[in-house]
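Welcome, and please open your viewer. We will take a short walk through a structure, one selection at a time.

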Amino acid sequence: MNEQSYPEFTGLELSPRKVDYLKFILERGGTAKTTEISSGMQVDPSTTSKTLNELASAGYLNHVPYRGVNLTELGKAYTQFLVRRHRILSLLLTHYGLSSEEACDEVSRFEAFVSRGAVNKICSSMGHPMFGVCGEISHEKCLHEENHHSMPK
């Protein structure tokens, strides 16, 4: 699933902690064992199981107790958005004097509170950058809609 086929979501559906869980799983290739997540997130295994069950119930993960989790199609789309949001916001902060490292650290503190609509507007105002301080930036329909609307008639 690419970003052009994102399901509808605002980007504000999940708490910052649940966002961290999804990003952690994405960093491990989209699958992870519960014990690995507990250790990496530095939380009690029972807390991890509860959070993973909530994410699975919401459709972001497939959870097999005692085996681990993997991202669903919705989970993959949402984590693609999370990466895109982080990269766009980090790049924005570097335009205001923060180093790449400072920008990534600062964005990690507030990114879960920035909506998809705001990210699309920031992306558009920045000219749809292709690369950020953390890597390549993929684009969703904000780029394609703008190109469609700006074509000569």
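The stops below go from strands to helices and then to a loop. Keep in mind that you are looking at a predicted model.

**Stop 1: the sheet.** Select β1, β2 and β3, which form an open sheet of 3 strands in the order β1-β3-β2, with antiparallel pairing. The edges are β1 (31–32) and β2, each pairing on one side only.

**Stop 2: the hairpin.** Now keep β2 (residues 61–64) and β3 (residues 68–71), which pair in the antiparallel sense over 4 bridges. The two strands make a hairpin with 3 residues between them. Click on Y66 in that turn, where phi is positive, about 70 degrees. Across the pair, L61 stands opposite L71, and N62 has N70 as its bridge partner.

**Stop 3: around L61.** Select L61 and look at what surrounds the residue. Leaving aside residues up to four places away in sequence, L61 touches L22, I25, L52, L55, A56, V69, N70, L71 and T72.

**Stop 4: the largest nonpolar core.** L61 also belongs to the largest nonpolar core, which has 31 residues. Together with L22, I25 and I37, L61 touches the most other members. Elements that each supply at least two residues of this core include α2 (34–41), α5 (100–110) and β3. The largest share, 7 residues, comes from α4. In soluble globular proteins, nonpolar side chains tend to be buried together.

Stop 5: Next, select α1, which lies across β1, β2 and β3 and runs at about 90 degrees to β3.

**Stop 6: a loop residue.** Finally, where is M126? Find M126 in the loop between α6 and β4 (131–132). M126 and I88 are 38 residues apart in sequence, and their C-alpha atoms are 8.9 Å apart in space. Apart from residues up to four places away in sequence, M126 touches I88, L91, L92 and H95.

Conventions: Residues are numbered from 1 along each chain as its sequence is written. This is a predicted model: local features need pLDDT of at least 70, side-chain atom pairs count only at pLDDT 80 or more; totals for chains, interfaces and linings use all residues. Side-chain values use heavy atoms; hydrogens and water are left out. Buried means under 20% relative accessible area, exposed over 50%, partly exposed in between (1.4 Å probe, protein chains only). Two strands pair if DSSP finds at least two bridges between them. A nonpolar core is a set of buried Ala, Val, Leu, Ile, Met, Phe, Trp, Tyr and Cys residues joined through side-chain atoms within 4.5 Å. Contact means heavy atoms within 4.5 Å. Axes are lines fitted to C-alpha atoms, for helices over the stretch in contact, and angles run from 0 to 180 degrees between N-to-C directions.
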